[in-house]
Amino acid sequence: METAVSWVAETLDYEALQPAAAARAAALRPLPGESSLALRLGHCRTLVKLVSTVLAAAATGATAAAMQAAIDWLVGWRNAALQRFYNASLLQAYAAQLAISCCLVLGAAGAVQAFAPRAAGGGVTWVMAVLNGNAVGGLFTPLAFAVKWCGSVAVLGASLCLGVEAPMVHLGACLASMACRADQRLWAALGRQRWLHRLLAGRRKGAELPADAASLALAAGGWQHENREEREAVSAGAAAGIAAAFGAPIGGVLFSLEEACSVWSRRIAWRCFIACTIAVVTHSQLNRNAAGGLLSAQLRPLAPLEWARQAPLLLAVSAGGGVLGAAFNRLRLAARPLRARAKHHAGRVREAACVAAATVTAIAVLSATVGSCLPVPAVWEQPGWVQHTCPPGHYNDLATAWLSPPVWSIRTLISLGTREEPLGQALYYTPASLAAMAAAYLPLFAASAALAVPGGLFMPSLLLGGAAGAVAGSALRAALPGWGIQPGLYALCSATAVLGGVFRSSISLVVLMTEATGTLAPMLGVILAVITANACAVLLGTEGVYESELEAEIRLNYLAQDPSPRLARLVAEQLMASPVEGLPRVVPVAVARDLLRASRHHGFPVFDPAHGSGEAGKFRADGFIMRSQLEMLLAAPDAYCDAHGRYLHAPPDIDAFEEGLAAAMAYRLAHASSEGQLAGLGSPAGAAAAAGAAGSASSALRQPLLAGQRSRRRGLGHVAPAPPSPFEQPVTLHLNLGPFMDTAPMSVRLDTPATRVHALFVSLSLRHLLVVDEANRAHGMITRRDLAHAAGSLLRERSIVQQAAVLLDPDMERPLNSG
């Protein structure tokens with residue numbers, strides 16, 4: 001159980017490590033026939049990733065279908081059980097509904113707090129943070145997946161004002177991440193197989209294969225940077241999740257582009273498109289109700305004159321929806337100080353139960369006092385209605401709208417006035433019932449957000465806006481009988497406007513709603529609703545849910561696509577952490593060990609003592625080396641050298657030794673722990689792979705690497721002992737950083753505008769950036785955390801909260817060169 005939330009998200013390395021030895025191997029030592037074999041290996045690796053993407057997408061579609069089937073069954077069972085109590089007395093029915101809802105919510109909240117804290121909420125914010133470069137532990141684990149799926153079903157069964165569309169984004173990202181890790185392990189195993197290399201090399205006589213399994217793995221690129229591959233997979237998984245939920249493949253791609261991803265490329269676009277298509281097809285095959293879109297409705301197309309005549313009315317209704325969305329965001333923020341703290345598990349569970357009880361009470365009271373008994377329409381084929389205390393053949397309209405599956409309720413609202421639900425003398429919902437539901441739903445919706453249970457905000461936004469829009473559409477239809485007004489169109493526009501006001505989305509929302517309805521007829525109305533809702537949110541000064549949550553989460557170092565206005569007045573010199581600690585090219589082992597003990601920084605500039613001292617601003621930055629590289633060098637006694645950089649135990653092939661160790665370093669950095677510290681090589685298999693990579697140069701390096709893993713688990717105070725000196729006089733042990741440092745680190749000048757620094761971090765997915773003067777002398781370092789703190793928030797209070805958090809949380813103290 002997570003007993004505290006004092007962690008601070010570490011940042012991920014999305015840029016591949018480029019040690020000098022690895023670059024030298026790639027540029028100067030190509031193997032005979034390597035180019036053709038490398039090309040075929042690359043095609044084979046692409047095929048493995050394609051299969052992984054397809055399988056993850058199919059699993060995402062199946063997950064969505066299974067979740068919807070489970071929700072339909074659970075809601076149907078609950079309504080059938082409640083109906084037996086309705087036939088007895090309302091008090092018994094209320095007690096039964098209260099017991100069912102509280103039990104389901106307590107189970108979901110307890111599972112979240114006890115097993116998977118990252119499964120709470122929709123999960124989209126956490127996915128966005130990961131894709132932005134933050135390492136969030138426990139987000140993409142099988143346990144988080146199971147708790148998220150079961151909790152989402154339980155929450156819908158408890159009638160909380162939450163939905164499953166945002167959880168599907170998290171679930172799709174989970175499946176994609178797990179599939180990506182599986183295909184990486186598979187490729188690491190395949191890359192060491194000689195038969196695969198022989199098969200891909202063909203019968204060409206000039207092709208020579210590497211000598212051992214470790215060299216085969218290096219030739220296959222098994223050590224290549226894997227954070228970047230997982231980022232692409234998670235981007236596709238998130239897109240597939242929302243696409244499967246709405247039945248909108250293009251909308252899923254645009255959602256990933258507009259909301260989830262911080263970095264976009266043609267490769268990511270293709271992967272997202274394939275994943276969304278497979279997920280939607282799979283879901284539609286397994287769930288016949290999703291074949292025409294989540295909210296399929298046969299709305300009548302309007303003629304141009306009708307659009308011109310009804311446009312002002314649609315704009316007015318959409319403005320009302322935008323105001324409702326902005327009001328929800330205001331209420332959500334106002335309720336934040338009243339929430340139980342995340343580490344208070346009993347308080348979080350109790351809070352969820354109290355909101356469930358309030359929701360059940362509102363449903364029971366309004367259904368009994370405001371709900372009306374109406375005859376069941378003949379066009380309602382699916383038995384989703386709730387009879388309540390009405391006579392046979394009748395349904396309670398308010399209870400039906402609230403207790404039926406949310407998708408079914410929204411479909412009935414946006415279908416008012418269509419061929420599926422023609423309006424005669426009677427309405428399917430009375431305006432009084434819909435108005436009462438919307439009035440009660442808004443505060444309960446705000447209270448349900450940020451509970452310790454899985455659940456998203458898409459469906460509740462649609463249901464709230466649909467109820468309000470249906471009231472307005474019905475009133476306009478009664479007032480203007482000759483205009484051919486479809487209340488369902490106004491319900492759809494109002495629902496879209498509420499979504500736009502809550503999330504501040506634009507293009508992706510238009511496409512999602514158009515594909516979800518399965519028709520192009522309401523597209524113009526949807527576009528007007530999105531524009532109007534965003535304008536209302538701007539005028540009312542409210543941010544979208546994702547942006548406000550990311551700004552409030554001080555543990556994350558999130559960089560928005562557009563730089564904050566505060567950065568326009570700053571330069572790199574004002575952002576950097578200084579002084580910066582540097583290392584000489586040939587550094588004594590004792591100095592390197594003491595530096596790692598005393599500093600928490602994850603990277604250090606490297607300088608040549610001939611070009612200046614180690615004092616900040618007085619040495620020329622010749623390269624950059626990561627903390628993990630220093631740890632591996634300290635754990636490999638064969639890499640020790642004298643003060644001139646000569647190895648004490650020179651391997652038979654120095655170049656091969658350095659190239660193998662550089663590859664092992666890259667492998668380890670790709671498998672860095674997400675808990676804030678680089679922890680060993682992760683697993684015995686990972687340790688063996690990294691040791692094998694270095695072993696292609698010297699088999700003696702394997703045991704030191706494994707010993708280094710054990711020593712790191714005990715702490716840096718137990719680094720592997722140094723080998724005896726071959727010289728008669730004692731030799732001070734040194735490390736030669738030249739072959740392993742990055743000789744082309746990114747850097748900026750002192751007077752570089754902060755907005756340009758922000759653009760570099762976002763576009764290149766940087767973790768840190770050197771600040772140098774005109775002579776390339778290092779003056780400081782800028783990390784993502786430095787930049788995120790400097791950008792701040794539109795709310796000045798955040799800086800006070802951050803300062804308090806720094807005092808309370810030692811993981812957040814500066815200097816922030818830890819990246």
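Reader: Is E549 buried, exposed or partly exposed?
Author: E549 is partly exposed, at a relative accessible area of 25%. Buried means under 20%, exposed over 50%, and partly exposed lies in between (1.4 Å probe, protein chains only).

Reader: What are the ground rules here?
Author: This is a predicted model: local features need pLDDT of at least 70, side-chain atom pairs count only at pLDDT 80 or more, and totals for chains, interfaces and linings use all residues. Residues are numbered from 1 along each chain as its sequence is written, and side-chain values use heavy atoms, with hydrogens and water left out.

Reader: Which side chain meets E549 in a salt bridge?
Author: R336 does, at 3.1 Å, N to O. A salt bridge here is a side-chain nitrogen of Lys or Arg within 4 Å of a carboxyl oxygen of Asp or Glu.

Reader: Where do R336 and E549 sit in the chain?
Author: R336 is in the loop between helix 12 (304-335) and helix 13 (345-369), and E549 is in helix 21 (residues 545-552). They are 213 residues apart, so the pair links distant parts of the chain. Helices (H or I, at least four residues) and strands (E, at least two) are DSSP runs, numbered from the N terminus. R336 is partly exposed too, at 33%.

Reader: How many salt bridges in the whole structure?
Author: A search finds 15. One of them pairs E351 with R348, at 3.8 Å between the closest N and O atoms. These two are 3 residues apart in helix 13, so about one helical turn separates them.

Reader: E351 and R348: buried or exposed?
Author: Both are buried.

Reader: Switching to strands. Why is strand 12 called largely enclosed?
Author: Because 5 of the 5 residues of strand 12 (residues 768-772) are buried. H768, L770 and V772 point one way, L769 and V771 the other.

Reader: Which strand does strand 12 pair with in the antiparallel sense?
Author: Strand 13 (residues 778-783), over 5 bridges. Two strands pair if DSSP finds at least two bridges between them. V771 has G780 as its bridge partner.

Reader: What's in the turn of that hairpin?
Author: There are 5 residues between strand 12 and strand 13. N776 in the turn has a positive phi of about 65°.
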